[in-house]
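These are my notebook entries on one structure.

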Amino acid sequence: MNRTALVLGALLVVPLLLFLAVSLGKDPRAIDSPLVGKEAPTFTLEDLEGRVYQLAASRGRPVVINFWATWCQPCVVEHPVLLSGARRYAGRVDFVGVVYQDEPAAIRQFVATRGAWGPSLIDPGSRVAIAYGVYGAPETFIVNAEGTIVEKVTGLVTPQALERILGELL
Amino acid sequence: MRPIFVMLVTLMPLLAIELVAQTGASGPLGLDAPRLTEAPAGTPLTGARLDRRSAEVADRLRCPSCQALSVADSPTDSSQAIRQEIRELLAAGYSEEQVMLYFERSYGEFIRLAPKATGFNLVVWLAPILALLGGLALVIFRLRSARTGSSEKTNEPEADLAPYLERVRRESQQ
């Protein structure tokens, strides 16, 4: 009886422990995007000043598309990373921000005080965010010169990650 | 009068081209192309049927920015935007499954509140049934062994009590 209980217990516990060991090492927020490796949905949006930006016009250069908001603390933390990235890769990589569920007034104030690393595009009805499968802010999609999404970064973009991804594309 | 009219007719298209070139706007803002390219497989819905089906689909989708909450139950902006898209797609004649696939293409399978019963996902569907059957088997096993044990032990109390019974018998004879 004890032996049977031990075997049955092991049959239940061992797979559970293995499952936990594999799963706990992963970031629960990092959900694989089915869009990686696929053509980036192209969009036309206006920035806060009414200037129109078309993703299709960036074809030929890699694009960093960052979904962000002022209420999102990690977005505030990663802002300097994107600022320095945009400066470093100016002319070679386009940096584009898509405002994720935020007020234009808040964005305007944020950009005025902290600077802009690219256009802050307003996404009416969150159509673009839905097309990119955005779960929350910040999320960053890296699009190569051919218009294919090569990577999605969930959460903060680190300078190292930016350097690695863009280094491979340039 | 006529030269002015001719001039206006000539200049209007040029002015329009210039305006488009300045703004760069070639169409409405948002996505350049619809994400669903296939033909609608259902019939366009309206009124109460559209309301009901929209709610049903929203109930099957996970709110992207919440914890284990459906799009139907979530008050967030992202869920509201998704509910609006569901409604538009169903009104255009797309079937429920086409709408589900549309969101799955962007968000991945995680957007489905209930995972599809295929591949590794089967574990999620089968595990509760297996656990229930296992529990049932354990209960039956324990009950049976308890019954066997108790039937084996039926003579034991008498055997244990034998010395005492003998003593009572002796004392009662005295």
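I began with chain B: 55% of its contacts (heavy atoms within 4.5 Å) with a separation of 6 or more join residues 24 or more positions apart. The model is predicted, with local features needing pLDDT of at least 70 and side-chain atom pairs pLDDT 80 or more, while totals for chains, interfaces and linings use all residues. Residues are numbered from 1 along each chain, chains are lettered from A, and side-chain values use heavy atoms, without hydrogens and water.

I then listed the elements, as DSSP runs (helices H or I, at least four residues; strands E, at least two). Chain B has six helices and one strand, in the order α-β-α-α-α-α-α from the N terminus. Of its 174 residues, 22% are buried (under 20% relative accessible area, 1.4 Å probe, protein chains only).

Next I took the interface. Chain A brings 26 residues to the contact and chain B 29 residues. The two chains bury about 2400 Å² between them, 58% of it from carbon and sulfur atoms; this is the accessible area (1.4 Å probe) lost on being put together, summed over both. A:Arg127, A:Ile130 and A:Tyr135 supply 31% of the area that chain A buries against chain B, more than any other three residues.

Note on methods: Buried < 20%, exposed > 50% of the residue type's maximum accessible area, 1.4 Å probe, protein only.
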